[in-house]
Every structure is written in C-alpha cells, then in structure tokens.
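Here's a quick tour of a model, written for someone who likes to check things against the coordinates. Have a look at it first, then read on.

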Amino acid sequence: MSEQTEKAFQKQPNVFLNKKKLAGSKATKSEGRWTKNVGLGIKTPREAIEGTYIDKKCPFTGDVAIRGRLLRGTIRSMKMKRTLTVRRDYLHYIKKYNRFEKRHKNISAHVSPAFLDLKQGDTVLIGQCSPLSKTVRIKQ
C-alpha cells in the first residue's frame, strides 16, 4: 500500500483501509489516496496524487493548512530529513546614511516527499503554516 519506513504503521487519517471487497470487483489504483487542493494558485503535484508516500505534514496529503505569508528564497542545505534551509536576502534601509544594506535570514522549511527533484541553489516558494517543530513553521 505505502512506503512503510517508520516503526509505527503509517496511514492517512482520512482514509479507511478495511473496506470490504466484493467478489468480482476490481480495485482501482486511485482508491485509498486522499489529496486536497491547497489553493493560493498552487497546483497539486502529480506525485502527491499518484504517489504512495505518507506524510502527515504534507500540505497536499496531510492535515496542515497553508495560511499567512508566501515566501520565496533559495535552498541553502538539505541535510535534514524532510527539512531544508532556505536563505532569504533582503535590503534594510539606514536612515542616517540614506542607503540600504544587504541582510539575510535562514528559514527551516518542511519538504513534502512530492518534491524529490530539489537541489541546493534552487529557488522555492514556501508557505507559512502552524508550527511543525521547534524551528519549522513553513512548508514547501
């Protein structure tokens, strides 16, 4: 059914797995997979619809909603499991000198398994959500 990589059994909370099978009926591939449209002009990726991964923090197959700000940045590192660090550059105005200075912030963001082709240096769009861990408050 799914990729069981954790010690505990992983399943989507919105899907009932013990449906009675009728004799002679064929099971469809999409049966048993729950996805949603997050809105905000973001399309649901094909991997989220057709994939077999289970991620409760995924915005497309999980139960966490994207709300608040949408931020854009470049990927700094991908060393953590399902988490990446995004660098956001911005300009800060200094009134005394009537000039701007460069500043940056590093933000930790959750990566859905639907996005497997990401690499360091890519530009990503991340959305704010409720806190997922101590440092992660953003989803990709």
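A contact here means heavy atoms within 4.5 Å. Keep in mind that this is a predicted model.

With that cut-off, Thr-85 touches Thr-74, Ile-75, Arg-76, Ser-77, Met-80, Asn-106 and Ile-107, leaving aside residues up to four places away in sequence. Thr-85 sits in strand β2, which covers residues 83-94. Is Thr-85 buried or exposed? It counts as buried, because its relative accessibility is 14% and the limit for buried is under 20%.

Strands of a sheet pair through backbone hydrogen bonds, in a parallel or an antiparallel way. For β2 and β3, the pairing is antiparallel and spans 12 bridges. If you want a spot to check by eye, His-92 stands opposite Glu-101 in β3.

**A loop serine**

Now for the loop between β3 (99-110) and β4 (123-128), where you'll find Ser-112. Which residues does Ser-112 touch, not counting those up to four places away in sequence? They are Tyr-53, Asp-55, Cys-58 and Pro-59. With Tyr-53 there is also a polar contact, side chain to side chain, at 3.5 Å. Ser-112 is buried, with a relative accessible area of 1%.

**Cysteines and accessibility**

Cys-58, one of the residues touched by Ser-112, is itself buried at 0% relative accessible area. Cys-129 is buried too, at 3%. How many disulfides does the structure hold? The count is 0. A disulfide would be a covalent bond between the sulfur atoms of two cysteines.

| Residue | Relative accessible area | Class |
|---|---|---|
| Cys-58 | 0% | buried |
| Ser-112 | 1% | buried |
| Cys-129 | 3% | buried |
| Thr-85 | 14% | buried |
| Glu-50 | 47% | partly exposed |

**The helix residue**

Glu-50 belongs to helix α1, residues 46-50. Why does Glu-50 count as partly exposed? Its relative accessible area is 47%, and partly exposed is the class between under 20% (buried) and over 50% (exposed). Glu-50 also gives you a handy distance to check: its C-alpha atom and that of Ala-114 are separated by 9.7 Å, although the two residues are 64 apart along the chain.

Key
Residues are numbered from 1 along each chain as its sequence is written. This is a predicted model: local features need pLDDT of at least 70, side-chain atom pairs count only at pLDDT 80 or more; totals for chains, interfaces and linings use all residues. Side-chain values use heavy atoms; hydrogens and water are left out. A disulfide is a pair of cysteine sulfur atoms within 2.5 Å. Buried means under 20% relative accessible area, exposed over 50%, partly exposed in between (1.4 Å probe, protein chains only). Helices (H or I, at least four residues) and strands (E, at least two) are DSSP runs, numbered from the N terminus. A polar contact is a pair of N or O atoms within 3.5 Å; within protein, one must be able to donate a hydrogen and the other to accept it, and residues adjacent in sequence count only if both atoms are side-chain atoms. Two strands pair if DSSP finds at least two bridges between them.
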